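Have your viewer ready and keep the selection panel to hand. We will go from stop to stop together.

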Amino acid sequence: MRNTDKDPSPLLVRPSMERRTFLRGALAAGAVITAFGGGAYVLADEAETEKARAQTKPDGRPRLPPRQYLLKSLRPMGGTEGDASPGAFRLKVYGEVDAPFEIDFAELLKMPQIEQVCDVHCVTRWSMLDAAWTGVRVSDLAARAKVKPTARHVIFEAAYGYTSNVLLREAMAPNVLVAHRHEGKPLGRPHGAPVRALVPDLYFWKSAKWLTGIRFSAVDRPGYWELRGYSNHADPWKEERYS
Ligand SMILES: Nc1nc2c(c(=O)[nH]1)N[C@H]1C(S)=C(S)[C@@H](COP(=O)(O)O)O[C@H]1N2
Ligand SMILES: [Mo]
(Lines give C-alpha, C1' and ligand atoms only; values in the text may rest on other atoms or scores of the structure.)
(Ligands and ions follow the chains in the order given, each with its own letter.)
Protein backbone atom coordinates (compact mmCIF):
# COMPACT_ATOMS: atom_id res chain seq x y z
CA MET A 1 0.00 0.00 0.00
CA ARG A 2 1.08 3.59 -0.27
CA ASN A 3 0.30 6.88 1.34
CA THR A 4 0.10 9.88 -0.98
CA ASP A 5 3.18 12.06 -1.44
CA LYS A 6 1.06 14.84 -0.06
CA ASP A 7 1.01 13.10 3.29
CA PRO A 8 3.24 15.05 5.70
CA SER A 9 3.74 11.83 7.55
CA PRO A 10 5.86 11.70 10.68
CA LEU A 11 8.63 10.20 8.56
CA LEU A 12 8.63 13.12 6.12
CA VAL A 13 8.16 15.76 8.76
CA ARG A 14 10.88 14.57 11.08
CA PRO A 15 13.87 16.07 9.21
CA SER A 16 12.11 19.43 9.03
CA MET A 17 11.60 19.80 12.78
CA GLU A 18 14.34 22.38 13.05
CA ARG A 19 12.62 24.45 10.43
CA ARG A 20 9.34 24.08 12.28
CA THR A 21 10.95 25.32 15.49
CA PHE A 22 12.41 28.25 13.59
CA LEU A 23 9.00 29.11 12.11
CA ARG A 24 7.47 29.01 15.50
CA GLY A 25 9.91 31.52 16.87
CA ALA A 26 9.60 33.76 13.84
CA LEU A 27 5.83 33.96 13.58
CA ALA A 28 3.32 35.77 15.70
CA ALA A 29 1.05 33.46 17.66
CA GLY A 30 -2.26 33.01 15.90
CA ALA A 31 -0.56 33.26 12.53
CA VAL A 32 -2.08 30.95 9.97
CA ILE A 33 0.65 28.78 8.56
CA THR A 34 -0.05 27.27 5.19
CA ALA A 35 2.21 24.29 5.07
CA PHE A 36 3.37 22.91 1.78
CA GLY A 37 0.93 20.13 0.93
CA GLY A 38 -0.37 19.96 4.47
CA GLY A 39 -3.23 22.43 4.76
CA ALA A 40 -3.48 25.43 7.06
CA TYR A 41 -3.08 25.40 10.80
CA VAL A 42 -2.94 27.98 13.56
CA LEU A 43 -0.53 28.16 16.48
CA ALA A 44 -1.85 28.84 19.96
CA ASP A 45 -0.35 31.85 21.70
CA GLU A 46 2.37 31.62 24.35
CA ALA A 47 -0.04 32.37 27.18
CA GLU A 48 -2.23 29.39 26.27
CA THR A 49 0.82 27.20 25.90
CA GLU A 50 2.23 28.28 29.28
CA LYS A 51 -1.14 27.72 30.93
CA ALA A 52 -1.31 24.20 29.51
CA ARG A 53 2.25 23.46 30.62
CA ALA A 54 1.32 24.39 34.19
CA GLN A 55 -1.65 21.99 34.29
CA THR A 56 -1.70 18.38 35.38
CA LYS A 57 -4.16 15.66 34.54
CA PRO A 58 -6.21 14.01 37.34
CA ASP A 59 -3.71 11.12 37.40
CA GLY A 60 -0.79 13.52 37.91
CA ARG A 61 0.63 13.44 34.39
CA PRO A 62 1.31 16.87 32.87
CA ARG A 63 -1.46 18.14 30.62
CA LEU A 64 1.00 18.63 27.78
CA PRO A 65 3.28 15.65 27.04
CA PRO A 66 6.99 16.41 26.75
CA ARG A 67 8.18 18.55 23.84
CA GLN A 68 4.72 19.22 22.40
CA TYR A 69 3.43 22.65 21.36
CA LEU A 70 -0.15 23.79 20.91
CA LEU A 71 -2.28 24.35 17.86
CA LYS A 72 -5.72 25.95 17.94
CA SER A 73 -7.22 23.33 15.64
CA LEU A 74 -6.36 19.97 14.19
CA ARG A 75 -3.75 20.11 11.51
CA PRO A 76 -4.85 18.00 8.51
CA MET A 77 -2.04 15.49 8.20
CA GLY A 78 -3.05 13.84 4.95
CA GLY A 79 -3.25 10.16 4.11
CA THR A 80 -5.08 8.42 1.31
CA GLU A 81 -8.73 9.38 1.74
CA GLY A 82 -11.46 6.79 1.71
CA ASP A 83 -15.08 7.24 0.63
CA ALA A 84 -16.41 10.05 2.81
CA SER A 85 -20.11 9.46 2.21
CA PRO A 86 -22.03 8.09 5.19
CA GLY A 87 -24.15 6.12 2.72
CA ALA A 88 -21.16 4.04 1.66
CA PHE A 89 -19.86 3.52 5.21
CA ARG A 90 -19.58 0.00 6.61
CA LEU A 91 -17.68 -0.95 9.73
CA LYS A 92 -16.59 -4.54 10.12
CA VAL A 93 -16.07 -5.68 13.71
CA TYR A 94 -14.49 -9.12 13.68
CA GLY A 95 -11.54 -11.37 14.43
CA GLU A 96 -11.09 -12.94 17.87
CA VAL A 97 -14.80 -12.58 18.70
CA ASP A 98 -17.85 -14.83 19.05
CA ALA A 99 -20.28 -12.52 17.27
CA PRO A 100 -18.67 -10.65 14.35
CA PHE A 101 -20.86 -8.00 12.76
CA GLU A 102 -20.91 -5.23 10.21
CA ILE A 103 -22.80 -1.97 10.68
CA ASP A 104 -23.66 0.95 8.48
CA PHE A 105 -23.70 4.61 9.48
CA ALA A 106 -27.35 4.62 10.61
CA GLU A 107 -26.73 1.62 12.86
CA LEU A 108 -23.64 3.25 14.31
CA LEU A 109 -25.79 6.25 15.26
CA LYS A 110 -28.23 3.91 17.07
CA MET A 111 -25.52 2.78 19.46
CA PRO A 112 -24.88 4.79 22.65
CA GLN A 113 -23.35 8.12 21.62
CA ILE A 114 -20.52 9.59 23.69
CA GLU A 115 -19.72 13.27 23.60
CA GLN A 116 -16.28 13.99 24.93
CA VAL A 117 -13.77 16.77 25.13
CA CYS A 118 -10.18 15.56 25.03
CA ASP A 119 -6.65 16.41 23.95
CA VAL A 120 -4.80 14.85 21.03
CA HIS A 121 -1.04 14.70 20.47
CA CYS A 122 0.70 14.21 17.15
CA VAL A 123 4.20 12.75 17.01
CA THR A 124 5.25 15.74 14.86
CA ARG A 125 4.94 17.65 18.18
CA TRP A 126 1.66 19.49 17.87
CA SER A 127 -1.12 18.98 20.38
CA MET A 128 -4.67 20.23 20.31
CA LEU A 129 -6.42 20.60 23.65
CA ASP A 130 -10.12 20.44 24.48
CA ALA A 131 -11.34 19.14 21.15
CA ALA A 132 -14.99 18.04 21.15
CA TRP A 133 -15.79 14.68 19.61
CA THR A 134 -18.88 12.50 19.28
CA GLY A 135 -18.78 8.79 18.68
CA VAL A 136 -19.26 5.26 19.91
CA ARG A 137 -16.98 3.60 22.45
CA VAL A 138 -14.77 0.85 21.07
CA SER A 139 -15.59 -1.01 24.30
CA ASP A 140 -19.30 -0.97 23.34
CA LEU A 141 -18.47 -2.36 19.90
CA ALA A 142 -16.29 -4.99 21.59
CA ALA A 143 -19.13 -6.00 23.93
CA ARG A 144 -21.53 -6.32 20.99
CA ALA A 145 -19.01 -8.52 19.14
CA LYS A 146 -18.43 -10.66 22.25
CA VAL A 147 -14.66 -10.45 22.22
CA LYS A 148 -13.03 -13.72 23.24
CA PRO A 149 -10.81 -13.85 26.34
CA THR A 150 -7.91 -14.82 24.04
CA ALA A 151 -7.96 -11.40 22.30
CA ARG A 152 -5.08 -9.10 23.27
CA HIS A 153 -4.87 -6.49 20.50
CA VAL A 154 -7.13 -4.23 18.48
CA ILE A 155 -6.25 -3.50 14.88
CA PHE A 156 -7.92 -0.42 13.40
CA GLU A 157 -8.31 -0.88 9.65
CA ALA A 158 -8.78 2.04 7.29
CA ALA A 159 -9.05 2.87 3.60
CA TYR A 160 -6.22 1.73 1.33
CA GLY A 161 -4.74 -0.65 3.85
CA TYR A 162 -3.73 1.84 6.58
CA THR A 163 -3.81 0.10 9.94
CA SER A 164 -2.81 0.88 13.52
CA ASN A 165 -2.50 -1.46 16.50
CA VAL A 166 -3.53 -0.78 20.09
CA LEU A 167 -3.41 -3.10 23.10
CA LEU A 168 -6.93 -4.38 23.81
CA ARG A 169 -6.61 -3.25 27.42
CA GLU A 170 -5.93 0.31 26.27
CA ALA A 171 -8.53 0.28 23.51
CA MET A 172 -11.18 -0.54 26.14
CA ALA A 173 -10.58 2.82 27.88
CA PRO A 174 -13.78 4.88 27.99
CA ASN A 175 -12.22 7.69 25.93
CA VAL A 176 -11.39 5.45 22.95
CA LEU A 177 -14.05 6.04 20.31
CA VAL A 178 -14.98 5.61 16.74
CA ALA A 179 -15.81 9.26 16.12
CA HIS A 180 -18.07 10.81 13.51
CA ARG A 181 -18.38 14.40 14.78
CA HIS A 182 -15.70 16.94 15.66
CA GLU A 183 -16.25 20.42 17.14
CA GLY A 184 -20.02 20.15 16.67
CA LYS A 185 -19.92 19.18 13.01
CA PRO A 186 -19.72 15.97 10.99
CA LEU A 187 -16.09 14.96 10.68
CA GLY A 188 -14.41 16.75 7.78
CA ARG A 189 -13.09 14.73 4.90
CA PRO A 190 -9.38 15.43 5.60
CA HIS A 191 -9.95 14.27 9.17
CA GLY A 192 -11.36 10.87 8.21
CA ALA A 193 -15.01 11.34 7.24
CA PRO A 194 -17.33 9.78 7.85
CA VAL A 195 -15.75 7.88 10.79
CA ARG A 196 -12.30 7.66 12.38
CA ALA A 197 -10.77 6.00 15.39
CA LEU A 198 -9.94 8.29 18.32
CA VAL A 199 -7.30 7.11 20.81
CA PRO A 200 -6.50 10.29 22.74
CA ASP A 201 -3.86 8.87 25.07
CA LEU A 202 -1.56 7.58 22.31
CA TYR A 203 0.17 9.54 19.54
CA PHE A 204 -2.38 10.54 16.94
CA TRP A 205 -1.23 8.16 14.20
CA LYS A 206 -3.03 5.40 16.16
CA SER A 207 -6.30 7.24 15.43
CA ALA A 208 -6.98 5.76 11.99
CA LYS A 209 -9.03 7.98 9.70
CA TRP A 210 -11.56 6.68 7.11
CA LEU A 211 -12.11 3.68 9.34
CA THR A 212 -13.38 0.47 7.74
CA GLY A 213 -12.82 -2.20 10.37
CA ILE A 214 -11.93 -3.11 13.91
CA ARG A 215 -10.22 -6.44 14.17
CA PHE A 216 -9.61 -8.13 17.51
CA SER A 217 -6.54 -10.31 17.55
CA ALA A 218 -4.73 -12.73 19.82
CA VAL A 219 -1.40 -11.66 18.29
CA ASP A 220 -0.01 -8.20 17.67
CA ARG A 221 0.02 -6.80 14.11
CA PRO A 222 2.12 -3.65 13.87
CA GLY A 223 0.43 -1.17 11.54
CA TYR A 224 1.45 1.29 8.84
CA TRP A 225 3.68 3.59 10.89
CA GLU A 226 4.69 0.94 13.40
CA LEU A 227 6.29 -0.97 10.51
CA ARG A 228 8.08 2.20 9.36
CA GLY A 229 10.14 2.98 12.43
CA TYR A 230 7.53 4.39 14.79
CA SER A 231 6.91 3.10 18.28
CA ASN A 232 4.67 0.08 18.59
CA HIS A 233 3.06 1.51 21.72
CA ALA A 234 3.23 5.32 21.18
CA ASP A 235 2.70 6.78 24.66
CA PRO A 236 3.20 10.58 24.35
CA TRP A 237 4.07 10.97 28.06
CA LYS A 238 6.90 8.45 27.73
CA GLU A 239 7.86 10.04 24.41
CA GLU A 240 7.55 6.69 22.67
CA ARG A 241 8.01 8.24 19.23
CA TYR A 242 10.36 5.91 17.36
CA SER A 243 11.19 2.26 17.70
N1 LIG B 1 -6.24 6.17 7.26
C2 LIG B 1 -5.29 6.97 7.77
N3 LIG B 1 -5.42 7.36 9.06
C4 LIG B 1 -4.49 8.18 9.60
C5 LIG B 1 -3.36 8.59 8.87
C6 LIG B 1 -3.25 8.16 7.52
O7 LIG B 1 -2.28 8.47 6.80
N8 LIG B 1 -4.23 7.35 7.01
N9 LIG B 1 -2.42 9.41 9.46
C10 LIG B 1 -2.34 9.38 10.93
C11 LIG B 1 -1.52 10.43 11.47
S12 LIG B 1 0.17 10.25 11.24
C13 LIG B 1 -2.04 11.45 12.22
S14 LIG B 1 -1.05 12.57 13.03
C15 LIG B 1 -3.50 11.68 12.29
C16 LIG B 1 -3.81 13.07 11.77
O17 LIG B 1 -5.18 13.34 11.83
P18 LIG B 1 -5.71 14.73 11.25
O19 LIG B 1 -5.33 14.79 9.79
O20 LIG B 1 -7.17 14.71 11.47
O21 LIG B 1 -5.03 15.83 12.04
O22 LIG B 1 -4.23 10.74 11.55
C23 LIG B 1 -3.74 9.42 11.58
N24 LIG B 1 -4.65 8.56 10.91
MO1 LIG C 1 1.08 11.91 12.55
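This is a predicted model: local features need pLDDT of at least 70, side-chain atom pairs count only at pLDDT 80 or more; totals for chains, interfaces and linings use all residues.

Residues are numbered from 1 along each chain as its sequence is written, chains are lettered from A and ligands numbered from 1 in the order in which they are written, and side-chain values use heavy atoms, with hydrogens and water left out.

Start with the open sheet: 5 strands in the order β5-β4-β13-β8-β9, with mixed pairing. Strands here are DSSP runs of E, at least two residues, and helices are runs of H or I, at least four, both numbered from the N terminus; two strands pair if DSSP finds at least two bridges between them. β5 and β9 are the edge strands with a single partner each, so one side of each has no neighbour in the sheet.

Next, select 153-158 (β8) and 163-167 (β9): 5 bridges join these antiparallel strands, with H153 partnered by L167. Look at the turn of this hairpin, where Y160 has a positive phi of about 55°.

Now show the largest nonpolar core, with 39 residues. Such a core is a set of buried (under 20% relative accessible area, 1.4 Å probe, protein chains only) Ala, Val, Leu, Ile, Met, Phe, Trp, Tyr and Cys residues joined through side-chain atoms within 4.5 Å. Its largest share, 4 residues, comes from α5.

Finish at L141, whose contacts (heavy atoms within 4.5 Å) include F101, V178 and I214.

Terms used:
Buried means under 20% relative accessible area, exposed over 50%, partly exposed in between (1.4 Å probe, protein chains only). Lists of a residue's contacts leave out its neighbours within four places in sequence.
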